[in-house]
Amino acid sequence: MSVVKINVLTVPAEQRAVLEERFSARAGLVESSDGFEWFELLRPVEGTDDYFVYTRWRSEEDYQNWMNGPMRQGHQGGGDGARPKPAATGSSLLSFEVVQQASAKNA
């Protein structure tokens, strides 16, 4: 059964471009991880400063392996110890199991 992880990032309006550029720069990193199925970065349209980072994984184990390996390494910063200031002012993680799904029917 697939699992979905949604990281909710609170991003002030003046930091939105920074966040989106950082995600663009990391394109391809998670996609090669074993068990990875899907990624979407969802920008808020109105009423909130929360971005949703949606990832779908084959299993919780695959997600944990990515979290404890490539993700952790990718967030360590440069060799000089300098890390850019986070674009988000807060975050929380939501976890779900996929119990039903549907896709568009071919016309």
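This is a predicted model: local features need pLDDT of at least 70, side-chain atom pairs count only at pLDDT 80 or more; totals for chains, interfaces and linings use all residues.
Trainee: Does D34 count as buried or exposed, and at what relative accessibility?

Mentor: The limit to apply is the one for exposed residues, which lies over 50%. D34 is placed in the loop between helix 1 and strand 2. Because its relative accessibility is 57%, D34 counts as exposed.

Trainee: Which parts does the salt bridge of D34 and R58 tie together, and how many residues apart in sequence are they?

Mentor: The side chains of D34 and R58 meet in a salt bridge at 3.0 Å, taken from N to O. D34 belongs to the loop between helix 1 and strand 2, while R58 belongs to the loop between strand 3 and helix 2 (60-74), so the pair ties together parts whose separation in sequence is 24 residues.

Trainee: Which residues are linked with R58 in a network of salt bridges?

Mentor: R58, which counts as partly exposed at 41% relative accessibility, also meets D62 through a side-chain salt bridge of 2.7 Å, N to O. D62 counts as buried because its relative accessibility is 7%. The residues linked with R58 in the network are therefore D34 and D62.

Trainee: Where do R16 and D49 lie, and how many residues apart in sequence are the parts they tie together?

Mentor: A search of the whole structure finds six salt bridges, and one of them joins the side chains of R16 and D49 at 3.7 Å, N to O. R16 lies in helix 1 and D49 in the loop between strand 2 and strand 3, so this pair ties together parts with a sequence separation of 33 residues.

Trainee: What is the order of the four strands in the open sheet?

Mentor: Strand 2 and strand 3 (residues 50-57) pair in the antiparallel sense over six bridges, and strand 1 is joined to strand 3 by eight bridges, again with an antiparallel run. The edge strands, each pairing on one side only, are strand 2 (36-42) and strand 4 (90-97). Neighbouring strands are turned against each other by 15 degrees on average, direction ignored. Taken across the open sheet, the order is 2-3-1-4.

Trainee: Which strands does helix 1 touch, and about what angle does its direction make with that of strand 3?

Mentor: Helix 1 (residues 16-25) packs on the sheet, where it touches strand 1 (3-10), strand 2 and strand 3. Strand 3 is mostly covered, with six of its eight residues buried. The direction of helix 1 makes an angle with that of strand 3 of about 20 degrees.

Trainee: Which residue stands opposite W38 in strand 3?

Mentor: Several positions facing strand 3 can be named, including E40, which stands opposite Y54, and L9, which stands opposite Y51. For W38, the residue opposite in strand 3 is R56.

Trainee: With which side chain does the side chain of R56 make a polar contact?

Mentor: R56 lies in strand 3 and counts as buried because its relative accessibility is 16%. Leaving aside residues up to four places away in sequence, R56 touches several residues, among them S2, V3, G35, F36, W38 and V98. The polar contact, at 2.4 Å, is made with the side chain of Q101.

Definitions and conventions. Residues are numbered from 1 along each chain as its sequence is written. Side-chain values use heavy atoms; hydrogens and water are left out. Two strands pair if DSSP finds at least two bridges between them. Helices (H or I, at least four residues) and strands (E, at least two) are DSSP runs, numbered from the N terminus. Axes are lines fitted to C-alpha atoms, for helices over the stretch in contact, and angles run from 0 to 180 degrees between N-to-C directions. Contact means heavy atoms within 4.5 Å. Buried means under 20% relative accessible area, exposed over 50%, partly exposed in between (1.4 Å probe, protein chains only). A polar contact is a pair of N or O atoms within 3.5 Å; within protein, one must be able to donate a hydrogen and the other to accept it, and residues adjacent in sequence count only if both atoms are side-chain atoms. A salt bridge is a side-chain nitrogen of Lys or Arg within 4 Å of a carboxyl oxygen of Asp or Glu.
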